[in-house]
Amino acid sequence: IATLSRAVETLDHAIQSFSAFVPVSLVRQLLESEQKLALGGHSRFLTIFFSDLEAFSTFSEEVPSQDLLMRVSDYLELVTRVIEAENGTVDKFMGDGVMAFWGAPALMDDHALRACVAALRIQRGMDEMNARWVAEGQKPLRIRIGIHSDAVLVGNIGSAERMSYTVLGDGVNVAARLEGVNKEYGTRICISHSVYKETGERLCVRPIEEVTVKGRRSSVPIYEVLGAFGVDAALEPAPPTVELCRMTRLAYEAFIAGDNALARRRYEEVLAAFPNDSLATLLLRKKMAAA
């Protein structure tokens, strides 16, 4: 009995330690789906999420290592908690970056919306942490997020001795690219057109432009996410935000239609109503220069 008791305690300790490295939610979903733990995968349409911290290299040079570790841990804890609360799976940590996905192993009809809602909740959580850090005399951390929905390979990748349940494919590269695109436009949450199509009218977004992704011949229309309708009062966009999205959309539509004069006038109207809108400033300069 004593030997059996020690064996049970050892197993319990091993499971608790293992759960710190492998998401408990993923293990639970794999067990419920009755998938065999063998190498292999299959194609599935799902949503991929990437997040990163802006100017982290510079930040890490200015902050003491222990303080840096604690603050990055707070950020990663927030991201992990929100993603799991929205039924997502944290795939991996890459320094200060996070990769996650929705829609596997369990099927999920609203995977794109959940990913966007998670991004908005993370953004709000970072705003709260930054307010606390600034009050303590510390520098804030700015997060950038990219989200894309696509058909990718999902399954157990690796070797027989060590495998990882992950996603592979062109869609993963697009999501990673969208995270980096935020740096170019001064945005915080950037999504692809496929995500926009999946979420319908549930999100408050505004078009940015079409970007070229390395390895792809065709360009990808991208959008900035500023809120969500009917999900949570905390994520509901304020009337000025809704108006900003409407005005930006009208300006973008004019440019797509080839009416550069109207597009210029509408982007100038956006800046007249929202003088500090860096995206409208950038788009007006880029598009009018190209014209």
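## A walk through the chain

You are looking at a predicted model, in which local features need pLDDT of at least 70, side-chain atom pairs count only at pLDDT 80 or more, and totals for chains, interfaces and linings use all residues. Residues are numbered from 1 along the chain as its sequence is written, and side-chain values use heavy atoms, leaving out hydrogens and water.

Now colour by secondary structure: the chain holds 10 helices and 8 strands (DSSP runs numbered from the N terminus, H or I of at least four residues for helices, E of at least two for strands).

Next, select residues 260-273, which form helix 9. Its 14 residues reach 20 Å from first C-alpha to last, close to the 20 Å expected at 1.5 Å a residue (1.5 Å times one less than the number of residues). Show side chains for Leu262, Ala263, Tyr267, Val270 and Leu271, the buried residues of helix 9.

Last stop: the second largest pocket, with a volume of about 160 Å³. Of the 14 residues lining this pocket, zoom in on Arg142, Gly186, Arg188, Glu224 and Leu226, the closest to its centre. (On a 1 Å grid over the protein atoms alone, a pocket is an open set of points where a 1.4 Å probe fits, with protein on both sides within 12 Å along at least five of seven lines; lining residues have an atom within 4 Å of a point. The volume is the space filled by probe spheres set on the points, which are joined across faces, edges and corners.)

Then highlight strand 8 (219-228) and helix 10 (278-290), each supplying at least two lining residues; strand 8 gives the most, with 3.

Methods. Buried < 20%, exposed > 50% of the residue type's maximum accessible area, 1.4 Å probe, protein only.
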